[in-house]
Amino acid sequence: MLRHLRTTVRHRSTIILWHHHNHYHRSAKYNPPKTANPPSPPKPPKAPQKPQTFTFHDVTWEDPYSWMSSLQDKVAMRHMDMYMEQEEKYTEAVMSDTERLQTKLQSEMASRLNFDLSTPPLRWGPWLYYRRVEEGKQYPVLCRRLASLNEEFISHKSPSSGFDFTSGKRIEQKLLDYNQEAERFGGYAYEELSEISPDHKFLAYTMYDKDNDYFKLSVRNLNSGALCSKPHANRVSNLAWVKDGQALLYVVTDENKRPYRIYCSMIGSTDEDVLLLEEQDENVYVNIRHTKDFHFVTVNTFSPTFSKVFLINAADPFSGMNLVWESEGIVHCVLEHHQGYLYLFTDAPKDGQIVDSHYLLRSPVDSSSNPRIWENVFIGDQNLVIEDVDFCNSHLVLITREGRKYGICSVALPLPGWKQAVHLRELQPHFLPLPKHVCNISPGPNYDYYSKTMRFTISSPVMPDAVVDYDLSNGKWNIVQQQNMLHERTRILYGTALSSAIAEKTTNVKFSSMNDVKSEDRNLWNDLSEFYACEHHDVSSYNGAMVPLTIVYSRKNRKDNQSPGLLHGHGAYGEILDKRWRSELKSLLDRGWIVAYADV
């Protein structure tokens with residue numbers, strides 16, 4: 001500040017003296033000071049080149065920068081450090097005239113980031129489970145309360161709709177305080193797994209032990225709040241409850257973090273945990289999960305050459321494992337059970353041919369054929385991709401995509417006992433309401449297998465993520481959590497209904513087919529398309545291939561042929577880019593930037 005003041009005074013006095021001099025010596029010729037030449041722009045650093053020749057598949061090429069990957073070469077890594085330091089200094093020099101703008105953007109973006117770790121309650125049986133952050137605390141608290149006592153503490157007054165924690169604390173039960181867990185683990189609390197037993201009596205969870213670099217298993221009694229004497233295991237990668245919550249299966253990893261052993265621990269017993277499986281082949285990995293009805297535990301084993309799925313009877317985990325499915329190579333496969341049928345969602349090759357998307361198979365649990373016969377549920381449709389599936393006792397829910405258009409549809413269960421695949425439309429699917437420009441749909445935890453309400457997160461390039469509860473029996477929907485960018489706050493509704501305005505508008509929702517779904521009022525979805533546009537284009541690549549391109553821009557601040565752009569691109573593994581709304585991009589969009597996503 002003082003330097004600034006001195007400069008200003010000196011500048012002003014020069015002007016005054018010059019005017020004074022000019023007033024008394026009009027004949028004197030004034031020579032303005034020479035303007036210093038602007039500094040030449042910095043030159044980008046050049047990485048050292050050390051050509052090395054490679055030959056693979058009869059193709060030979062030269063790579064001058066392969067030395068950068070020699071992580072064990074200390075000399076090469078010193079050169080790499082020097083080069084990276086030069087890159088950093090070059091970047092600082094090039095960007096030096098934007099320091100004030102950088103600071104402003106950083107401040108703006110940070111102010112919009114949502115650091116609230118609270119979650120909307122999720123119903124499971126008689127309980128509502130949720131996480132919330134107490135004032136002044138760094139980590140959340142896992143809580144629950146009885147759903148039957150919930151409604152009297154709900155406020156439907158907008159915008160502060162939600163659960164009244166102050167008066168509602170007397171019906172709340174704290175299950176796990178992660179701030180206390182941080183004290184157990186050296187000031188740091190990171191949870192990877194968390195599974196409540198089906199009888200709601202125990203919580204099994206794993207916390208990261210940073211001193212030993214592994215996850216440590218603990219089981220807590222939810223009635224007393226005390227830690228159980230066992231199991232206490234290290235390097236745990238998977239959990240699954242069996243015997244209605246009386247026993248816990250868990251997977252441990254070896255020193256190379258390869259999951260390879262499955263143990264069964266009887267809760268409350270002093271007996272040693274029983275080893276159910278040990279995979280000694282260093283190329284084979286093990287994974288477990290329980291089916292949503294808790295009737296079975298699926299054991300997935302996979303290696304570079306095969307994938308297998310075994311079943312364990314959850315009522316009798318010591319009765320052995322039964323092989324129910326196998327395939328060549330590493331493939332994705334998730335197995336579920338519903339009323340005597342096994343359902344397998346996979347992307348395994350069909351008849352030896354690689355497939356581009358997942359498909360659904362089913363087989364009776366008591367099938368006696370060897371190998372087991374699996375039937376296709378749906379006839380393949382090139383225009384309709386099934387992105388994901390979820391089950392409850394009454395419905396099968398499919399997340400679908402036709403080109404760029406996403407959908408959620410429900411199909412009543414059980415399915416007809418047909419022996420052959422059918423078109424999806426023959427099962428009279430009910431498509432649920434969605435906003436415009438949906439770019440992703442993610443299933444929620446949906447623990448309650450017997451509930452007809454399922455939770456999904458709906459994402460869009462022009463709408464903050466909306467956590468939505470859908471009633472599959474009538475199509476009603478409630479947004480239970482969403483950030484409101486217009487008011488810079490996050491709304492979390494803790495009741496079974498929304499504010500009266502939304503509840504009234506969603507009372508008479510009618511199911512429709514995919515082609516008939518009409519976008520709902522953007523005000524209900526907190527849609528920002530009034531301010532920001534989303535467009536889809538197909539752009540020709542250098543080789544003529546058409547690449548889907550999604551662009552987002554401010555309707556008010558975009559300048560034709562003059563707007564700067566930020567392009568996201570990724571072409572590996574057939575993955576689609578994450579195009580969801582990011583609040584920090586608002587600072588660029590409001591300055592006229594165009595944000596583009598190329599799904600290469």
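Biologist: How many nonpolar, polar and charged residues does the lining of the second largest pocket have, by class?

Modeller: Please keep in mind that this is a predicted model. Rolling a probe the size of a water molecule over the atoms shows where empty space is left. In this case, the lining of the second largest pocket has 17 nonpolar, eleven polar and nine charged residues. The volume of this pocket is about 910 Å³. It is lined by 37 residues, and those closest to its centre are Arg289, His290, Lys292, Val334 and Glu336.

Biologist: Which strand gives the largest share of the lining of the second largest pocket?

Modeller: That strand is S24, with five residues. Several strands supply at least two lining residues each, among them S9 (191-196), S12 (236-242), S20 (333-338) and S24 (385-391). Strands S16 (285-290), S17 (296-302) and S18 (306-313) are also on that list.

Biologist: Why does the second largest pocket lie between domain 2 and domain 3?

Modeller: Domain 2 (190-377) and domain 3 (384-509 + 520-526) both give residues to its lining, so the pocket lies between them.

Biologist: S16, S17 and S18 were mentioned for the pocket. In what order do the strands of their open sheet stand?

Modeller: The order is S16-S17-S18-S19, four strands with antiparallel pairing. S16 and S19 (321-328) are the edge strands, each pairing on one side only. On average, neighbouring strands of this sheet are turned by 20° against each other, direction ignored. Within the sheet, S17 and S18 run antiparallel and are joined by seven bridges. Val297 stands opposite Ile312 of S18.

Biologist: What is the make-up of the lining of the second largest cavity, by class?

Modeller: The lining of the second largest cavity has seven nonpolar, no polar and three charged residues. About 50 Å³ of space lies in this cavity. Among its lining residues are Pro461, Lys579, Arg580, Trp581, Arg582, Val595 and Tyr597.

Biologist: Val595 and Tyr597 line that cavity. Where is strand S36 (residues 594-598) paired in the parallel sense, and over how many bridges?

Modeller: S36 pairs with S35 in the parallel sense, over five bridges. Gly565 has Ile594 of S36 as its bridge partner. The two strands belong to an open sheet of four strands in the order S33-S34-S36-S35, where the pairing is mixed. Strands S33 (532-540) and S35 (565-569) stand at the edges with a single partner strand each, so one side of each is left without a neighbour in the sheet. Neighbouring strands here are turned by 20° against each other on average, direction ignored.

Biologist: Finally, a single residue. Where is Lys476 found?

Modeller: Lys476 is in the loop between strand S30 (463-471) and strand S31 (477-484). Its relative accessibility is 34%, so Lys476 counts as partly exposed. Lys476 and Pro433 are 43 residues apart in sequence, and their C-alpha atoms are 8.7 Å apart in space.

How values were computed. Residues are numbered from 1 along each chain as its sequence is written. This is a predicted model: local features need pLDDT of at least 70, side-chain atom pairs count only at pLDDT 80 or more; totals for chains, interfaces and linings use all residues. Side-chain values use heavy atoms; hydrogens and water are left out. Two strands pair if DSSP finds at least two bridges between them. Axes are lines fitted to C-alpha atoms, for helices over the stretch in contact, and angles run from 0 to 180 degrees between N-to-C directions. On a 1 Å grid over the protein atoms alone, a cavity is a set of points where a 1.4 Å probe fits but cannot get out, and a pocket is an open set with protein on both sides within 12 Å along at least five of seven lines; lining residues have an atom within 4 Å of a point. Grid points are joined across faces, edges and corners, and a volume is the space filled by probe spheres set on the points. Ala, Val, Leu, Ile, Met, Phe, Trp, Tyr, Cys and Pro count as nonpolar, Asp, Glu, Lys and Arg as charged, and the others, Gly among them, as polar. Domain bounds come from an automatic or database domain assignment. Buried means under 20% relative accessible area, exposed over 50%, partly exposed in between (1.4 Å probe, protein chains only).
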